[in-house]
Amino acid sequence: VRLELVARGLEDPLYLTAPMGDPRLFIVEQEGRIRIVRNGQLLARPFLDIASRIASGGERGLLSVAFHPRYAQNGYLYVNYTDNSGDTRVERYRVSADPDSADPASDTLVLAVDQPYSNHNGGHILFGPHGMLYIAMGDGGSGGDPHGYGQSLATLLGKLLRVDVDGGDPYAVPPDNPFVGQAGARPEIWAFGLRNPWRIAFDRAAGLLYVADVGQNRWEEIDIAPAGA
């Protein structure tokens, strides 16, 4: 095992991804910018800069980006960030005529969730094997989940959500989500009982979903479940 320097000159990088088949690297900076590494060089101009809309620091900020599975055709990308009021926003943007620049004026709100405290924002968004968008939400913060949000199906906090961004405006609820039709339950919920699911990952070969859930003091947790659609 050895380390290899890929890029320097970044500020608080916390996530890296790329559209399918794209040789560039897209790096999320917590303060609100997405940077591109192309042919081994960090481009000076950000791909997207929405720092003015974002409260950054601690567990807040621009927390992830997900490229639509058909990004090469539709140019859609999705971001999860903490806005200036401290609340979670998931928004869609579109790439501009310049492939190294997204249009900051193309924002479309997908989901907004009020956050009662400054921590446990979750923050990861990721497309699943069949095109559904998964959204990881923390329990709202403080410590010990004082409001019991993680176990309540009436709130989106403390959950892993699953929505169909192609099926509605701004999304549709997949009919096979587990709590669709259950009285008092938010139908977007795919899994509950989470504290602060900071990162999720699909093992497409094994058909599994891994959820890295940040613990409190003694325990960290990795949950494994069938990936679903």
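## A cluster of aromatic rings

Phenylalanine 67 and tyrosine 71 are both buried in this predicted model. With ring centres 4.9 Å apart and planes at 75°, Phe67 and Tyr71 form an edge-to-face pair. The structure holds eight aromatic pairs. Another of these is made by phenylalanine 26 and phenylalanine 47, again edge-to-face, at 5.0 Å centre to centre and with 80° between the planes.

Why does the pair of Phe26 and Phe47 tie together separate parts of the chain? Phe26 belongs to strand β2 (residues 25-29), while Phe47 sits in the loop between β4 (41-42) and β5 (48-49), so the contact bridges parts that are 21 residues apart in sequence. Phe26 has a relative accessibility of 0% and counts as buried; Phe47, at 1%, counts as buried too. Follow the ring pairs and you will find Phe26, Phe47, Phe67 and Tyr71 linked into a cluster.

## Nonpolar cores

Phe47 turns up again in the largest nonpolar core, which has 32 residues. Along with Ile34, Leu48, Leu77, Val79 and Leu160, Phe47 is listed among the residues with the most contacts inside this core. Strands β2, β3 (33-38), β6 (62-67), β7 (76-82), β8 (88-95), β11 (133-137), β14 (197-203) and β15 (208-213) each supply at least two residues of the core.

Leaving aside residues up to four places away in sequence, Leu160 touches several residues, including Tyr134, Ile135, Ala136, Trp190, Leu209 and Val211. Another core, of 22 residues, lies apart from the largest one, and among its members are Tyr78, Leu156, Val165 and Tyr171.

## Arginines beside rings

For arginine 92, the ring is that of tyrosine 76, with the charged end 4.1 Å from its centre. For arginine 199, the ring is that of tryptophan 198, and the distance to its centre is 3.9 Å.

Tyr76 also has a partner in arginine 94: a polar contact of 3.1 Å joins their side chains. Arg94 is placed in strand β8 and, at 39% relative accessibility, counts as partly exposed. Beyond residues up to four places away in sequence, Arg94 touches Asn74, Gly75, Tyr76, Leu77, Ala102, Asp103 and Ser106. Aspartate 139, by contrast, is 45 residues from Arg94 in sequence and 30 Å away in space, C-alpha to C-alpha.

## Salt bridges

Side chains of opposite charge can pair when their charged atoms come close. How many salt bridges does a search of the whole structure find? The search finds 13. In one of them, arginine 24 meets aspartate 22 at 2.7 Å, N to O, and Arg24 counts as buried with 10% relative accessibility. Another joins glutamate 31 to arginine 33, with the closest N and O atoms 3.1 Å apart. Glu31 is partly exposed at 31%, whereas Arg33 is buried at 16%.

Aspartate 176 and arginine 162 also form a salt bridge, their closest N and O atoms being 3.1 Å apart. This pair links distant parts of the chain, 14 residues apart: Asp176 is in the loop between β12 (159-163) and β13 (189-192), and Arg162 is in strand β12. Finally, salt bridges with shared partners join Asp22, Arg24, Arg38 and Asp100 into one network.

Conventions: Residues are numbered from 1 along each chain as its sequence is written. This is a predicted model: local features need pLDDT of at least 70, side-chain atom pairs count only at pLDDT 80 or more; totals for chains, interfaces and linings use all residues. Side-chain values use heavy atoms; hydrogens and water are left out. Rings of Phe, Tyr and Trp (its six-membered ring) pair if their centres lie within 6.5 Å; planes under 30 degrees apart count as stacked, over 60 as edge-to-face and the rest as tilted. Helices (H or I, at least four residues) and strands (E, at least two) are DSSP runs, numbered from the N terminus. Buried means under 20% relative accessible area, exposed over 50%, partly exposed in between (1.4 Å probe, protein chains only). A charge sits over a ring if NZ of Lys or CZ of Arg is within 6 Å of the ring centre and within 35 degrees of the ring normal. A nonpolar core is a set of buried Ala, Val, Leu, Ile, Met, Phe, Trp, Tyr and Cys residues joined through side-chain atoms within 4.5 Å. Contact means heavy atoms within 4.5 Å. A polar contact is a pair of N or O atoms within 3.5 Å; within protein, one must be able to donate a hydrogen and the other to accept it, and residues adjacent in sequence count only if both atoms are side-chain atoms. A salt bridge is a side-chain nitrogen of Lys or Arg within 4 Å of a carboxyl oxygen of Asp or Glu.
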